[in-house]
Amino acid sequence: MSAQSYQRNYDVIVIGGGVLGAFHAYHSMRRGFKTLLIERDRSPRQASVRNFGLIIPSAMPAGIWRDRAFASREIYSELSETLRIPLRHSGTQYLAHTEEEARFLQHMSQTQNDDHCPAEFLNSKQTINLNSCLNPEFCKGSLYFPRDLQLDPRAFFRAFINWIANTSDCDYLPNTTVVSVEQDNDQVQIKTADGNLFQARHTFVCSGADLQTLFPEIYTKSNLHYCKLQMLKLSNPENRKLGTSIASPIALTRYPAFLHAQRSQNISLPLPDQKIQDHGIQIWMTQNTNHEFILGDSHSYSDEPPTEFLPAEIETQIINYARNMFVHLDFQVIDRWCGIYTEEKSAGLFQHSRGDHIHLITGIGGKGMTTGPGLAKENIGQLSL
């Protein structure tokens with residue numbers, strides 16, 4: 001579709017086609033609003049497609065973020081049928097390496113009363129029976145969340161964006177950079193780099209890069225910083241299968257659900273080695289639809305845009321830790337990449353309205369896949385046109 005064939009007036013225009021932008025556009029269209037989604041690339045290329053594809057309410061503390069995760073899980077389930085993209089329903093195991101961690105997880109399972117996010121403590125033998133790739137000498141038990149999901153983020157967004165562009169009632173304008181967003185009375189005027197003008201009742205700016213270029217004065221005053229993660233793909237010549245997605249014990253000292261549980265139990269689990277902390281390493285092992293293993297990741301924070309160079313030291317630390325967790329796996333690296341996203345340093349989300357019709361939303365950090373669709377539904381649900 002040429003730029004000349006697009007409408008000029010919309011109810012809602014969304015800028016940024018990643019997880020936040022695509023789902024704001026999706027829910028806007030679902031509510032019957034005339035919607036345009038603008039993406040600077042052909043399709044999303046950054047962190048939204050460079051992650052594990054985990055939908056894990058288990059990592060979210062009880063309250064608004066877990067509720068958003070539950071909503072997101074339902075949205076992915078509906079879309080997986082529409083898009084014919086498989087969802088992996090095998091759940092998540094959070095491992096314990098010490099007896100203290102095992103006791104903590106066992107107590108947590110006894111106080112986990114959420115029917116939407118049930119949890120089961122598995123002893124060492126049960127943990128290995130569920131996932132034979134795990135090292136029996138490493139695992140003292142695990143907390144198993146059977147309702148966590150996983151998908152292939154690259155395949156999902158490829159299908160999702162294609163569906164939005166060709167099947168849905170939402171217009172999609174790729175390879176387009178927005179250069180100005182200005183409110184004019186009760187309308188928003190949008191100009192693109194190729195000189196096209198659009199108008200909308202409401203505009204959502206849903207990427208950190210677009211926020212920085214369109215509203216630099218707001219970005220400068222925000223509490224945002226960058227996070228770069230590092231990930232690997234491993235060969236699987238023996239075609240071994242993971243029974244679940246696997247999270248290392250480091251997760252117990254990083255993720256809000258476990259930090260809240262420690263406070264409620266009045267304990268503080270020991271932190272991992274300092275080098276692991278310095279690089280923000282949290283070990284996950286998942287498997288894609290080709291049965292290749294996806295291993296990661298690290299978290300390097302900076303106020304300036306990070307480079308895409310991949311330090312060998314971080315990769316070595318990730319692999320060395322994973323070798324202790326797993327047995328009989330081939331740790332030959334066949335691909336490596338990084339993902340870069342923005343994160344709000346304290347609140348975990350940046351939401352700011354400029355006037356009544358321009359809405360800036362970014363900085364959701366690493367929980368975008370798990371909670372972004374639910375957040376978008378919540379925001380669009382508050383619109384009245």
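**Close-up 1. The hairpin of S18 and S19.** Three residues lie between strands S18 and S19 in this hairpin, where glycine 355 takes a positive phi near 75 degrees. The model is predicted: local features need pLDDT of at least 70, side-chain atom pairs count only at pLDDT 80 or more, and totals for chains, interfaces and linings use all residues. Residues are numbered from 1 along each chain as its sequence is written, and side-chain values use heavy atoms, without hydrogens and water. S18 (residues 350-354) pairs antiparallel with S19 over five bridges; pairing requires at least two DSSP bridges between two strands. Arginine 354 stands opposite isoleucine 358 in S19. Strands (E, at least two residues) are DSSP runs, numbered from the N terminus.

Close-up 2. Five of the five residues of S19 (residues 358-362) are buried, meaning under 20% relative accessible area (1.4 Å probe, protein chains only). Ile358, Leu360 and Thr362 lie on one side, His359 and Ile361 on the other. S11 (residues 197-205) runs parallel to S19, joined by three bridges. Phenylalanine 204 has histidine 359 as its bridge partner.

**Close-up 3. Strands S2 and S8.** S2 (residues 35-38) and S8 run parallel, joined by four bridges. Isoleucine 38 has leucine 173 as its bridge partner in S8. In S8 (residues 170-173), Cys170 and Tyr172 point one way, Asp171 and Leu173 the other; all are buried.

**Close-up 4. Surroundings of phenylalanine 157.** Beyond neighbours within four places in sequence, phenylalanine 157 is in contact with Gly17, Gly18, Val19, Ala22, Phe23, Pro44, Ser48, Val49 and Met369. Contact means heavy atoms within 4.5 Å.

Key. Buried means under 20% relative accessible area, exposed over 50%, partly exposed in between (1.4 Å probe, protein chains only).
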